[in-house]
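Subject: Structure handover

Hello,

Here is the structure I promised to pass on. My notes follow below it.

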Amino acid sequence: MKVLFATTNPAKIKYYAEELKKRNIDIITLKDLNINLDVEETGKDAVENATLKATAYYNLVKIPTIAIDDNLYLEGLSQENQPGVNVRRVNGKRLTDDEMIEYYSNLVQKNGGKIKAKWVKGIAIYNGKNVKTFTYSRSSFYFIDKPSDKKHEGYPLDSIAIIPEYNKYLTELTEKENEEYKKQSSNKEVFDFMMNNL
């Protein structure tokens, strides 16, 4: 089965393509189809933004489409200062990976050098008739103000994320540690949802 995966994020593409391939699903990317549409993310949360993207891209190519959006919440920040749906867009500007690392490192530094963080992910699958959605959160980590030298392209905040179980940056986990971390951070539920709704 082929599905459109509605993202240009290379790290997301690599991870989900590998995992879905194990389940006999091949993904097609926006780049594969030379799609340059930038869907405006006007939703109030991750699920609404994922739904906007899945619907818009399906309407272009007419094949089942998966879209994923991420919201970020930082402990101790007021509601109006939360990144929320605007993780990469700050003051109207879309940040590069390096700019994100710099911006969030400075934000953490201004708030004591360490902040508990939580990702809330919204997933939408649209097949032209029905939209199926799923949301989950992962909060077993915190950010610090000193970035690792190692980076994950497309997931820049992994460079300031510390995983308490290993006391290591997310970018510095071994392959085995990374697999263990993924298993205990709700990813099984994500793929179960995808397989049940494709």
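**Aromatic pairs**

Phe193 has a relative accessibility of 9%, so it counts as buried (buried is under 20% relative accessible area, exposed over 50%, partly exposed in between, with a 1.4 Å probe and protein chains only). This is a predicted model, in which local features need pLDDT of at least 70 and side-chain atom pairs count only at pLDDT 80 or more, while totals for chains, interfaces and linings use all residues. Residues are numbered from 1 along each chain as its sequence is written, and side-chain values use heavy atoms, with hydrogens and water left out.

A search of the whole structure gives nine aromatic pairs. Rings of Phe, Tyr and Trp (its six-membered ring) pair if their centres lie within 6.5 Å; planes under 30 degrees apart count as stacked, over 60 as edge-to-face and the rest as tilted.

One of the pairs is Phe5 with Tyr16: the ring centres are 5.3 Å apart and the planes are at 35 degrees, so this pair is tilted. Phe5 belongs to strand 1 (residues 2-5) and Tyr16 to helix 1, so the pair ties together parts eleven residues apart in sequence. Helices (H or I, at least four residues) and strands (E, at least two) are DSSP runs, numbered from the N terminus. Both Phe5 and Tyr16 are buried.

Phe134 and Phe193 form another pair. Their ring centres are 5.2 Å apart and their planes are at 15 degrees, so they are stacked. This pair links distant parts of the chain: Phe134 is in strand 7 (residues 131-144), Phe193 is in helix 5, and 59 residues separate them. There is also a cluster, in which ring pairs link Phe5, Tyr15, Tyr16 and Phe191.

**Helix 1 against helix 5**

Two packed helices are described by the angle between their axes and the distance between the axes. For helix 1 (residues 10-21) and helix 5 (residues 187-197), the axes come within 12 Å and cross at roughly 65 degrees. Axes are lines fitted to C-alpha atoms, for helices over the stretch in contact, and angles run from 0 to 180 degrees between N-to-C directions.

Which residues in helix 1 meet helix 5? They are Tyr15, Tyr16, Glu19 and Leu20, and they face Asn187, Val190, Phe191, Met194 and Met195. Contact means heavy atoms within 4.5 Å.

**Buried residues**

Met194, in helix 5, is buried at 0% relative accessibility. Beyond four places in sequence, Met194 contacts Tyr16, Leu20, Ile66, Ile68, Ile123 and Ile125.

Ile123 is in strand 6. Its relative accessible area is 0%, so Ile123 is buried. Not counting residues up to four places away, the contacts of Ile123 include Ala50, Ile66, Phe134, Val190, Phe193 and Met194. Ile123 and Asp69 are 54 residues apart along the chain, with their C-alpha atoms separated by 6.5 Å.

Lys12 is in helix 1. Buried or exposed? Lys12 is buried, at 7% relative accessibility. Leaving aside neighbours within four places, Lys12 is in contact with Phe5, Thr7, Ala17, Ile68, Asp70 and Tyr155.

**Lysines over rings**

Lys114 lies in strand 6 (residues 114-126) and is exposed, at 52% relative accessibility. Lys114 sits over the face of Tyr142, 4.3 Å from the ring centre. The charged end of Lys121 is over the ring of Trp119, 5.9 Å from its centre. The test is NZ of Lys or CZ of Arg within 6 Å of the ring centre and within 35 degrees of the ring normal.

**Positive phi**

Most residues other than glycine have a negative phi, and most peptide bonds are trans. Lys62 is not a glycine, yet has a positive phi of about 60 degrees. Lys62 lies in the loop between helix 2 (46-61) and strand 3 (65-74) and is exposed, with a relative accessible area of 51%. Asn167 also has a positive phi, near 50 degrees. Asn167 is in the loop between strand 8 (161-163) and strand 9 (168-169), exposed at 59% relative accessibility.

Best wishes
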